[in-house]
Amino acid sequence: MLVRRSATVNASFGFVGIALFCLIFADLEVTTLDPWTELGRMAWGFATPDFLAVDQLADALLQTVAFAVLGVAAGSVFGFVLAPVFQHFGPVRWVCAFIRAIHELFWALIFIQMFGPSPLAGILAIAIPYTGICAKVYAEILEEADLRALKTLPPGAGRISTFFYAKLPDVWVHLKDYTFYRLECGLRSSAVLGFVGLPTLGFYLESFFKQGHYSEVSALLILFFVLIATIRLWMRPRIAWVYVAASPFAIAAGAGTTTFEWVNVQRFFTEDIVPAPLRNAEILDPGAWLNFGDWTWALLSHQALPGIVATILLTQIALVGTGILALAFFPMISDRFFGRAGRTVGHVFLVIARSTPEYVLAYIFLQLWGPSMLPAIVALSLHNGAIIGHLIGRHVNELERRPDAPKGVNLYAYEVVPRVYGQFLAFLFYRWEVIMRETAILGILGIHTLGFHIDSAIADIRIDRAMLLIVITALLNIAIDICSRNLRRRLRLRSTPDAA
Amino acid sequence: MALFDLRDETVRYDGKAVLKGVSLKIERGEKVALVGRSGAGKSTLLTLLHSQHPEKAALVPHDGGLVKTLSVFHNIYMGRLEANPTWYNLVNLAWPMRREIEAIQPIVADLGLADKLMQPAGELSGGQQQRTAVARALYHDGEVLLGDEPVSAVDEHQARAVLDTIAAAHDTMVLAMHDVDLALAYCGRIVGIQDGRIVFDEPAADLTRQDLAPLYIGEA
């Protein structure tokens, strides 16, 4: 008799099928002449970290922390202010969805047009998308607050007093934990901003790479992993203000100050982003509007459409790659599969894979294999697979266990995977949107996703085209987010283990 | 005019009637005990009374309604949030004011919580949490105290001390009580509730333990 397959299994097969179909069209060619020699040199460099370039290493880390602290501080404060009205006020929700759908690097590219590669551009590039993310997540956390204290409050206690006494303290710990997590993400975002010209880790990494100084690259990455792993030791909520107060000085000492010129900002809004055919044209001139139609059509058909197709192809392949690697990785940190020594190795591997931003991983693989979808797929799958593998592994350790359970592969296939599969899919679909955001951005490295066309438009100083493409990218993200939410609802997936 | 006046009230949860056509008048100065098995409708009746005069009544809900991560001091202070401007409440949240601590001290001393004042409420024992909820209601200083099993988690001796304190501070009180002896000792009027209906309403002086026993038949 046939066993009826569950909806989650059907959905999984569907996604694998789509990914296989996408693989037919994906460009996976290795274009470098001799990847293996280069890999050998890189591996040797990574095995022999060189910490001698103290000045540069210290500067890279200091700037990365300073930008992250200021960006995350601003983002979380604004997010906190917006959170209480998030659920009740549509426009706030829409604006937040839009600003978080645009990647930090795209924001940086926009602000660099306004302010030059200056500290303000870097801080805003983190602060703005993080405001959107924090507002949403803080609002969700506040919804979970225990409201039993509310009914004992005297009438007339005032909304703000009520919020701070009866609602906020109950969820304070969750807000704090989430903000810590955001700071960790902020460090990665800040590091990557270096690739577009800000003086953070990415900037130094790229210059070390270009000179073939792999031992310095190794040292820099090791320090970065330590920085992220020890975040709870050097950052405490009580002294957060010290970091916020000191960061501007650190940035001023390293990166200089922002020369804020109103003319540039004004030019950006009144000229740069206005579509070229409409610039300096009469508003009622039908010729200008016809040209605008042609301009839009050309942009959509020659850049937006191929960019969208490549972005979706890469996203779907990387999503399935992420899932496969997550399922392969999670036993590494579970005490049901490995002993103490094995788990330690597993933890170190997962920490490295999830602390290294996708962008940096993709950059490294790109040096090896040349620009195709291959480095991007490997980088995205590795990073996101490590994140989900870590979450699932931790959850598996808390699962109930029976003394007569099978061992090894049988345990994996019969007991563990079936029990965590719903949660695994929930995490995977949560990452779907993140993977797409990153996929778009990897275009800057030369893979022909939307980011490629945006980056080229900016390089040609055609900001009007770049803006339209960025908006399209954001809308694509929002669409994926909606898809993911519907799918999670239809499959009744929740990421929390206790939820039914 | 009666302070509370319920007329033929019916309350449903999920389509199931918890109170069925209840009428009840309570005058100022009355001390009323609601007795009956758990699930009989006492809590619902108290909530209904509270909604008639939220401004006059201090409520001790069944679950305490404490913010577990805040200190005992802040939980008690919450009883009078409306008395101070918002900025003052916020400052007091971050840095407890000496003035407010002194105002709250006599209440916690009466209830045996003086040494717990700055501890998070969630770290206290069940009995201590219950007394914190009572302290908040006392600090609110409403005309009426509505208590849902306010002493169910403390021992007999302490229960009497807590009820003494409540009775001294409030002329009017309505307490849902499980303990028949305490109900008879502290309240002048006993209202018996069974399956969402008032089955008797008598002066305590006319009742004995045995009269109330039938209400609890079948309860473990």
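This is a predicted model: local features need pLDDT of at least 70, side-chain atom pairs count only at pLDDT 80 or more; totals for chains, interfaces and linings use all residues.
**Domains of chain A**

Chain A splits into domain 1, covering 12-48 + 291-500, and domain 2, covering 52-272. Taken over C-alpha atoms, the centres of domain 1 and domain 2 of chain A are separated by 23 Å. Each domain contributes to the contact: 25 residues come from domain 1 of chain A and 25 residues from domain 2 of chain A. On the side of domain 1 of chain A that touches domain 2, the elements giving two or more residues are helices H2 (35-47), H14 (340-355), H15 (358-369), H17 (408-441), H18 (450-459) and H19 (463-490) of chain A. H19(A) supplies the largest share of that side, with 6 residues.

**Contact between the chains**

Between the two chains, 22 residues of chain B are in contact with 19 residues of chain A. On the side of chain B that touches chain A, helix H3 (86-94) and helix H5 (126-140) of chain B are the elements that give two or more residues. Of these, H3(B) gives the most, with 4 residues.

**Sheet in chain B**

Chain B holds an open sheet of 6 strands with mixed pairing, in the order S4-S5-S6-S3-S7-S8. Strand S4 (57-60) and strand S8 (197-203) of chain B stand at the edges; each has a single partner strand, so one side of each has no neighbour in the sheet. On average, neighbouring strands of this sheet are turned by 15° against each other, direction ignored. Within the sheet, strand S5 (residues 144-148) and strand S6 (residues 172-177) of chain B run parallel and are joined by 5 bridges. B:Leu145 stands opposite B:Met173 in S6(B).

**Surroundings of A:Leu491**

A:Leu491 lies in the segment after H19 of chain A. This residue counts as partly exposed because it has 17 C-beta neighbours inside 10 Å, a count between the limits of 12 or fewer for exposed and 20 or more for buried. Leaving aside neighbours within four places in sequence, A:Leu491 is in contact with A:Ala7, A:Thr8, A:Ala11 and A:Leu425. A:Leu491 and A:Gly422 are 69 residues apart in sequence, and their C-alpha atoms are 8.5 Å apart in space.

Key:
Residues are numbered from 1 along each chain as its sequence is written. Chains are lettered from A and ligands numbered from 1 in the order in which they are written. Domain bounds come from an automatic or database domain assignment. Two residues are in contact if their C-beta atoms, placed from the backbone, lie within 7 Å. Two strands pair if DSSP finds at least two bridges between them. Axes are lines fitted to C-alpha atoms, for helices over the stretch in contact, and angles run from 0 to 180 degrees between N-to-C directions.
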